Amino acid sequence: MRAALNLGRRGQGNTGPNPAVGCVIVNAGRIVGRGWTQPGGRPHAEPVALQQAGPLAQGATAYVTLEPCAHHGQTPPCADALIAAGIARVVIAVQDRDPRVDGAGIERLKAAGISVTTGVCEDAARADLEGFLLRVDLGRPLVTLKLASSFDGRIATGTGESQWITGPAARRAVHAMRARHDAVMVGGGTARHDDPSLTVRGLGIKHQPARIVVSRR
């Protein structure tokens, strides 16, 4: 499951509105398929891993960070894909609280005779999927505040001037945070005075978060 979590993280910030899920398929102690949610949210992690596994999916165990979907959206249900491939066991980190799923994927797998285990590495998966889970459970986005301050608690001089007060390692960490989010938001004052790019740089990542400016004007 830890391997599946690492795969799922590859899609963070690039799969919205779908969650970034990882899937690993194991047959006779050997990993035969790996997958994660692709850009734009499709295809899902499970069909990507199943395609890589091919015939070796028969009788294998699938480790998935989120309950396989059971509804028809822009892609067929992943639970049906696992059943059709002959998967014998599915290990799930977190149950999907989306009302279109919410246990239906698990029940469909069990009805097909597949053994299902849930709650493996659940805390780590919940942390990775926190943005998706907050949207489903509370109807709001996950917001991460990035703030750098001096020892005396200041973020700019009295005249409003601001320069870097962090080092290269901290700035690189910030760009990694941006890459894992759907959007970067600043206030109108920051946009006017600093004209920030609000992009991910220095990590070799192609996708960029949406840029949001909050302003009364």
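## The cavity

Searching the whole structure, a predicted model, turns up 1 cavity of 30 Å³ or more. Here a cavity is a set of points, on a 1 Å grid over the protein atoms alone, where a 1.4 Å probe fits but cannot get out, and lining residues have an atom within 4 Å of a point. The largest cavity holds about 40 Å³ of space, where a volume is the space filled by probe spheres set on the points, with grid points joined across faces, edges and corners. As background, rolling a probe the size of a water molecule over the atoms shows where empty space is left.

Who lines the largest cavity? The lining consists of A4, L5, G8, R9, A20, G22, T65, A125, D128 and L129. Helix 1 (2–9) and helix 5 (122–128) each give at least two residues to that lining, and helix 1 has the largest share, with 4 residues. Helices (H or I, at least four residues) and strands (E, at least two) are DSSP runs, numbered from the N terminus. By type, the lining of the largest cavity splits into 5 nonpolar, 3 polar and 2 charged residues.

Residues are numbered from 1 along each chain as its sequence is written, and side-chain values use heavy atoms, with hydrogens and water left out.

The protein chain has 8 helices and 7 strands. Its C-alpha atoms fill a box of roughly 70 × 35 × 30 Å along the principal axes. Of the 217 residues in the protein chain, 35% are buried; buried means under 20% relative accessible area, exposed over 50%, and partly exposed in between (1.4 Å probe, protein chains only).

## The second largest pocket

Now for an open space. A pocket is an open set of points with protein on both sides within 12 Å along at least five of seven lines. The second largest pocket contains about 450 Å³ of space. It is lined by 25 residues, and N18, P19, H44, H71 and R100 are the closest to its centre. Helix 2 (45–53) and helix 6 (130–138) are the elements that contribute two or more residues to this lining. Sorted by type, the lining of the second largest pocket has 10 nonpolar, 8 polar and 7 charged residues.

## Salt bridges

In general, side chains of opposite charge can pair when their charged atoms come close. Counting a salt bridge as a side-chain nitrogen of Lys or Arg within 4 Å of a carboxyl oxygen of Asp or Glu, the total comes to 4 salt bridges. One of them joins R9 and D128, with the closest N and O atoms 2.8 Å apart. R9 sits in helix 1 and D128 in helix 5, so this pair ties together parts that are 119 residues apart in sequence. R9 is partly exposed at 34% relative accessible area, and D128 is partly exposed at 24%.

R108 pairs with D80, with 3.1 Å between the closest N and O atoms. Since R108 is in helix 4 (residues 104–111) and D80 in helix 3 (residues 78–84), the pair ties together parts 28 residues apart in sequence. R108 is partly exposed at 31%, and D80 is partly exposed at 30%. E122 forms a salt bridge with R126, where the closest N and O atoms are 3.1 Å apart. E122 and R126 are 4 residues apart in helix 5, so about one helical turn separates them. E122 is partly exposed at 29%, and R126 is partly exposed at 32%.

## Surface patch and a buried strand residue

L145, L147 and I155 make a nonpolar surface patch of about 370 Å². Patches use residues with over 30% relative accessible area and no salt bridge, joining like charges within 9 Å and nonpolar side chains (Val, Leu, Ile, Met, Phe, Trp, Tyr) within 5 Å; accessible areas come from the Shrake-Rupley method with a 1.4 Å probe, and for residues only the protein chains shown count as cover. L147 is located in the loop between helix 6 and helix 7 (168–179). L147 counts as exposed because its relative accessibility is 58%.

Is I25 buried or exposed? I25 is buried, with 0% relative accessible area. I25 belongs to strand 1 (residues 22–27). I25 and P196 lie 171 residues apart in sequence and 43 Å apart in space, C-alpha to C-alpha.

How values were computed:
This is a predicted model: local features need pLDDT of at least 70, side-chain atom pairs count only at pLDDT 80 or more; totals for chains, interfaces and linings use all residues. Ala, Val, Leu, Ile, Met, Phe, Trp, Tyr, Cys and Pro count as nonpolar, Asp, Glu, Lys and Arg as charged, and the others, Gly among them, as polar.
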